[in-house]
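Please examine the sequence and the model below before reading the report.

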Amino acid sequence: MNLSALLTSAGINIGVCVLLWSLYSVLRKQPGNVSVYFGRRLAQEKFKQRGSFLFERFVPSPSWIVKAWQTSEEEILTSAGLDAVVFLRIFVFSIRIFSIATVICVLLVLPLNYHGKEMHHKNIPSESLDVFTIANVEEGSRWLWAHCLALYIISCSACVLLYFEYKRIAKIRLEYITRSSSSPSQFSVLVRSIPWSPDDSYSDLVRNFFTKYHASSYLSHQIVYRSGTVQKLMTDAEKMYKMLHHYGSTSIGQTCRPSFLRCGLCGGTLNIFKMIPCEPEHSVEIPKLEHLDSSIKDKECGAAFVFFRTRYAAVVASRVLQSSNPMLWVTDLAPEPEDVYWSNLSIHYRQLWLRQIATLLASFVFTVLFLIPVTVVQGLTQLDQLQQKLPFLKGILKKTYVSQLVTGYLPSVILLLFLYAVPPLMMLFSALEGSISHSGRKKSACCKVLYFTIWNVFFVNVLSGSVIGQLEVIISNPRTIPAELATAVTRQAAFFTTYVLTSGWAGLSCEVVQIFGLVCNLFCRYILRSKEILFFSAPSFPYHTEVPRVLLFLLLGFTCSILAPLMLPFLLIYFFLGYLVYRNQILNVYLSRYETGGQYWPIVHNTIIFSLVLMQIIAIGVFGLKRSPIASGFTIPLVICTLLFNEYCKRRFLPIFKIPSAEVLIEMDQQDERSGRMAEIHQKLHSAYCQFTLDLHNPIFRSASDRQDEHRERMAEIHQQLQSAYCQLTMMNSNTHNICKAEGSDHSVDVDGIQDPEDMKPGFGTPKSQ
């Protein structure tokens, strides 16, 4: 591939980015798209929209970038949680380290690579990308010391920055644990593999066991039932109610009339869905859970949530063996109530290791089968082999723009499309493993996707594209691995650069536009002709897809920094854009329903250390191929120091992410006891982990007349609030405007601009009093 093909790919992706970002800045202002681009704010905040026509809605503007940049980390921590902060810190670290690497490698290493051999250079656009890599440096060249120096600077800078990031995030995690002092999970332990008894129920067994062995700290317990079907039905009913709730005030309680819609496809009419009021003749008392038939004991499974009086007692109980048989009375810290994966709690504990082995084998088989599309993609980067296998394409591939498109853009796009099938499958494997929480399942899927991505996108592309015919040599002589990797990575540097452009730049543009949600919204509005705004459920952040993607780019940046420094400017731009895009998405689109409490950072740290070590091993191979044994010898201590640094970080910071310290837990318990909040927390524990509840106050269980009465009462309350919120409007004269003077304030607002008092901000009606 020559430089012009790379510039063609860059030009295409720049055009796509500019188009999609401009389109997003317009689409986000449209009232009909509010559920697509402000899902989190709709779910958590009182979001007010205006239906009047405004010309500025159709003019692209960078205002969303400014808002995303100005938002503080504390605000993100409060609204989105610690996992969102950890994810954004990956971009902060990447921007810092690759800013250093770009300056060093572009100003020092790149000119040495370009002039590494005495040769006649063509025009720069016609130059092959190989002349910008270390492959263009002569063997035994004294300029290889510059590459070794750059390697030391990048490695030392990465370790220093990584240490401070680990220290910062560990401190934020401790503060996060202290803030969530009333969390039920801190007092709860999940007990599995409860031994079965023909005489007693599981509930009696749990009570007797913990009363006997944890008498001073045991509080109560909640048995888990085999109610997967019931739970699924109730969850589906709740989702349906949330989707249809905004129809309630207009559809329910009104006279049902035939309603027809004109189809957006064929133009015909069809009878639409109507909500018919249901008036029961007699009120039916819904039975409570404790009054159900005694046969519910048959639905108990060998798992329970056990509640303790203090946080310290719960942690101790979760860490010690409860029985001389490690397969019985297995304890773990309980996840948050909304994070519990209820369907997996009924899985027998002894099946878990079989499930883990099965999912491991399934992941391995899928990884092997994925070699087929990767090999096909690599064939597109080599035109000579493609013309030999497909002779009828010779005439087409001789055209310059076609060859540039095929080698510079098409391979990375095809590989990206195949990779979209990986995260859903890995989520399925993680669910089959038996994870007890949704966040644990997503974290497990993140690790699987990360391993899969690094192997298939990096190693398999390297091997299939360069040394597939030398695999037997590598296996028979492992000492040649550094040299072979050095040669292979250098040859595939062009493909990795185009992959950064396609999967990185264009991927961020697709992320900010939310193509899938936008298409669904447009389909409902223009094909189904729905005039109401559809309030879709706000999605949770896909950490299992985005964390591996960002870490892959980190790996590519480190391994190619001194080999092919031409990639670094494109990579640095990706991290800048990603920092802005994901801040905007976290603030407006994604809703944090559950989280791991920063558990993704140890994964990030280990991947960065792996990338550094891999970069150093490849450098040893490069220096060996270039006959520079002194440079190779100086690189070996760098590998050892990096591994020692990783071991220190594991001992210094990793325990903080595994279990809270006794010092923090005891101080929190003593503070709650002094303030009198401990009794209130104990009272809430009894209902925190209810597997399914029948809430008589839920609108699902009320009749239409009840909802009408409540609606009238609510409207009366609103009118009273309006009278107290706004002052009396007076008519000054027929030529003056109506004004409303706030009590105790000199400000005024036009009648047409009356807003809710909480929404009054400078520039929008009456400013808030200072």
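D672 has a relative accessibility of 1%; it therefore counts as buried, the limit for that label being under 20%. The structure discussed here is a predicted model. The side chain of D672 meets that of R677 in a salt bridge, with N and O 2.6 Å apart. R677 is partly exposed, with a relative accessible area of 35%.

**Helix α30**

D672 is one of the buried residues of helix α30, the others being V664, L665, M668 and D669. These residues cover an arc of only 130 degrees around the axis, which means that they lie on the same side of α30. On the other side of the helix, E663 and R674 are exposed.

What do the buried residues of α30 pack against? Their partners are α7 (144-179), α11 (311-319) and α31 (678-685). The length of α30 can also be checked. Just after α30, G676 adopts a positive phi of about 80 degrees.

**Salt bridges**

The structure holds 15 salt bridges.

| Pair | N to O distance |
|---|---|
| R677 and D672 | 2.6 Å |
| R89 and E165 | 2.8 Å |
| R651 and E647 | 3.4 Å |

R89 and E165 form a salt bridge. R89 belongs to helix α6 and E165 to helix α7, so this pair ties together parts that are 76 residues apart in sequence. Are these two residues buried or exposed? Both R89 and E165 are buried. The two residues also take part in a network of salt bridges, in which they are linked with E73, R96 and R168.

R651 is exposed, with a relative accessible area of 65%. E647 is partly exposed, at 36%.

**Nonpolar cores**

The largest nonpolar core has 137 residues, and those with the most contacts inside it are F87, F98, L554, L556, F558, F575 and W601. Which helix gives the most to this core? Helix α6 (residues 82-114) does, with 18 residues. Leaving aside residues up to four places away in sequence, F87 touches F541, Y543, E546, V547, V550 and Y582. A second, separate core has 18 residues, including F209, Y218, A313 and A314.

**The protein as a whole**

The protein contains 32 helices and eight strands. Of its 770 residues, 46% are buried. Among contacts between residues at least 6 apart in sequence, 80% join residues at least 24 apart. The protein exposes about 40,300 Å², of which carbon and sulfur atoms supply 61%.

How values were computed. Residues are numbered from 1 along each chain as its sequence is written. This is a predicted model: local features need pLDDT of at least 70, side-chain atom pairs count only at pLDDT 80 or more; totals for chains, interfaces and linings use all residues. Side-chain values use heavy atoms; hydrogens and water are left out. Buried means under 20% relative accessible area, exposed over 50%, partly exposed in between (1.4 Å probe, protein chains only). Helices (H or I, at least four residues) and strands (E, at least two) are DSSP runs, numbered from the N terminus. The arc is that of the directions from the helix axis to the C-beta atoms. Contact means heavy atoms within 4.5 Å. A nonpolar core is a set of buried Ala, Val, Leu, Ile, Met, Phe, Trp, Tyr and Cys residues joined through side-chain atoms within 4.5 Å. A salt bridge is a side-chain nitrogen of Lys or Arg within 4 Å of a carboxyl oxygen of Asp or Glu. Accessible areas come from the Shrake-Rupley method with a 1.4 Å probe; for residues, only the protein chains shown count as cover.
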